[in-house]
Structures are given as C-alpha cells and as structure tokens.
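Hi there,

Here is the structure I promised to pass on. Please have a look at it, and then read my notes below.

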Amino acid sequence: MIFRILEEQWKQKTTDSKAADWRLMQLALALGRRGLGRTHPNPAVGAVVVKDGVIVGRGWTQPGGRPHAEPVALAQAGEAAHGATLYVTLEPCSHVGKSPPCADAVIAAGIKRVVSAIEDPNPEVAGQGHARLRAAGIAVDIGLGAAEAAYDHAGHFRRVRDNRPQVILKLAVSTDDKIASSGHKPVAISSEAAKARMHLLRAQCDAILVGTGTVLSDDPLLTCRLPGMEARSPVRVVLDRALRIPATSRLVHSARSTPLWVVTSNLAEAPAVAMLGAAGAQVIRVASTPAGLDLSEVLHALAERGITRLLVEGGARVASSVVAADLVDEFWLLRGRDTIGTDGVAALDALPLTAITQSSAFRVRASESLGTDTLTVYERS
C-alpha cells in the first residue's frame, strides 16, 4: 500500500514535466522487465538517461546480474550524461560488491537529477545510495512508478527481507478444478495461446519447481520452448525426498545443458546422490518431516543460491503444500473449457481453490483471455 501512496503523491505534483517523467519511468520499467529471470541474484533494474528531452542512454541489468542497469545506460550516453536526468527503477547501489557502486558512477558521469522509483531494502543500500547522490548535489526524486517497481522487484525484496524467493504458483485447471485424469494421467487442458504465455512466465522466473510425482507421471523437461528463448529456461528444481527421480528421465539427461537442482533429505542415500552428480545435477540436502521436506528450508536454500523468483508448477501435493504453509505470493490460475470429471485429480489435493481465490489475503491483479482459456492472476493484498 505504501508504494501506491507514493505514486499518488507523485501524481499530485503540478509540474509541466510530470507527464514526461511518467512516460520515461514507464520506459525504464519496461527495460528492466527484459532482465526478469536472467539477473539473479540481483534485481532486474531498468534505467534511462535523458538530456534536453532526448533519450541519450538506455540500459537494463545484464544476465548474471552485472553490469547493472545504470552503468550500461551511462556508458551509452557518454559525455551527454553530463547535466542529464537519470530515470531508474531501483535506488542506485552504494556498496562495493562484485562491481563498483552505481551511485558513484552516476556522480562521476555528471548527472544533474535522478528520478528513482523506490528505495532498495537491502541493508547495504537502504537509502544510502540516494543520500550519497544528494550529498554530491544531485536532485533526487523518489516514488514515481513505486507500485510497479515494487511488483517487478518483489523477488529481490522477498529475498532480502525474508531470505526466500517470491513464490509464484501456477495451475492449469479444467472447468471442474481438476489438473489430471484418474490415476494422475496427464490430460490436455490449456490452449496453445495459454501454453505460450506460461512458457514466457517460465523465462521470467529464476527457477521452476515440481515434485517427484510430476516427474514420474509426466517426465517433463520444464524448459522455455518459445522460439529463440530456449536459453532463458529457468533452473529446474525437483523436490525428491527419497531420490526416486529416474536416471533415464529427461530432466536428468538434460542436466548439463539446463541446470537441475534436486532437493532431498539429509538422509538420502549416497549412491543416488552420486548418480545425479555424475549426470551434472546439483543435490541440495534439507531437513525433512514425516510429511515431507521442510518447505521453509527448501526456500531458504534456494534463496541462499540466489533464486529470487520461483515458479511452482506442480503437482497437486506440492501446490497444496505451499498454499497450506502460506508461502504463495502470487497465483496464476489458467482455466480451460473442458471438464475432466469427478475421478480427476483435484488441483490442490484436499484444499479447494477458494483457499486462494476467495481468501481475503489475496486480490485479483489481472485477468485476460488466452485462446479458449481464461488467466486470472492473484496477488497478496
């Protein structure tokens, strides 16, 4: 809510340049989204440098998290950056990491004004970047596009504040809320348009998670199969307490080309661990309970490895577990036009979909038609 208040305060300003500022921040946000799914552990930031009404530099955080958006845009602007305005979707960093502070680069370039969407909650920044810019005589305005920036950077914020990724649960269901036919047999639910949209979502996430049951029943590949975007496939994560994943599965066979992380119990047997390691997979051990792997530990382990946006795709047991543990931040519900029947597999196992769709903890963020399907996106209120 505070981010929306910041936006409203900005909109109430009565300056001739307000409309131009808004358009340029929208451009910076759009640029930043190009990096979603590719920049972890860093946030996907966008930046635009403008002088005398002309865009002289554009940039977004590059794959692997560096270089950051600001130095990319400043390098493109060159000498034209002197006396210019920088629009950036997140506070410029002020600490020395694997690259120099972006705030110092902004100062050195001679930027006159910075329009920053939102403060970075990272304790190593947390307002210090903005303060350093102001101390250098740069005018700093904060809050334009704050709500959109908070949404785009939600994974970064969640990892910094809670040491876990932003969890995006996706379910494709029939008209009667089923995800598979009797015996967990796969059944076509989604239209081609809906499938394409979900592959784009995969490309915009750092990792995709499924349970062993999905691997055994579907033998999925879990990659992004949009033409030209195969390289943007997320890290594949499988929850497999007993290491039942077959050596012949497509996931294991492709582990050297697309990262595969298998999360298992501390008690997992060494031969199975060795087999996966030899195939190129990474095995992550966490604590387990009689009910399964400790989901909080799983998410912490992923965050420690830099994952900020996690897409949970199945199956019913995994989906119901993250809902029951109150770990879902965003819910993408695809509803097809066909009916499976009473013997089908319920989307959330023993839980009804209304546990999210009618919960006061969630609200509808967006809704659209995709071919014959309807997509509804819910977010935490």
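In strand E15, Val173 has Arg335 as its bridge partner. Before going further, please note that this is a predicted model, in which local features need pLDDT of at least 70 and side-chain atom pairs count only at pLDDT 80 or more, while totals for chains, interfaces and linings use all residues. Residues are numbered from 1 along each chain as its sequence is written, and side-chain values use heavy atoms, with hydrogens and water left out.

Strand E6 (residues 166–173) runs parallel to E15 (residues 330–335), and six bridges join the two. E6 also pairs in the parallel sense with strand E14 (residues 309–314), over four bridges; there, Gln166 stands opposite Arg309. Strands count as paired if DSSP finds at least two bridges between them. Helices (H or I, at least four residues) and strands (E, at least two) are DSSP runs, numbered from the N terminus.

**Cores and the aromatic pair**

The largest nonpolar core has 36 residues, and those with the most contacts inside it are Leu169, Leu171, Leu209 and Phe331. A core here is a set of buried Ala, Val, Leu, Ile, Met, Phe, Trp, Tyr and Cys residues joined through side-chain atoms within 4.5 Å. Helix H12 (residues 295–304) gives the most to this core, with five residues. Another core lies apart from it, with 34 residues, among them Val49, Ala81, Leu86 and Leu133.

How many aromatic pairs does a search of the whole structure find? There is one. The ring centres of Phe331 and Tyr378 are 5.8 Å apart and their planes are at 25 degrees, so the pair is stacked. The cut-offs are centres within 6.5 Å for Phe, Tyr and Trp (its six-membered ring), with planes under 30 degrees apart counted as stacked, over 60 as edge-to-face and the rest as tilted. Phe331 in E15 and Tyr378 in strand E18 (residues 373–380) are 47 residues apart, so to speak a link between distant parts of the chain. Both residues are buried.

**The five-stranded sheet**

An open sheet of five strands has the order E2-E1-E3-E4-E5, with mixed pairing. Its edge strands, E2 (54–60) and E5 (139–142), each pair on one side only. E4 (residues 113–116) and E5 pair in the parallel sense over four bridges, and Val115 stands opposite Asp141 in E5. Helix H5 (residues 128–135) lies across E4 and E5, at about 150 degrees to E5. Axes are lines fitted to C-alpha atoms, for helices over the stretch in contact (heavy atoms within 4.5 Å), and angles run from 0 to 180 degrees between N-to-C directions.

Best wishes

Terms used:
Buried < 20%, exposed > 50% of the residue type's maximum accessible area, 1.4 Å probe, protein only.
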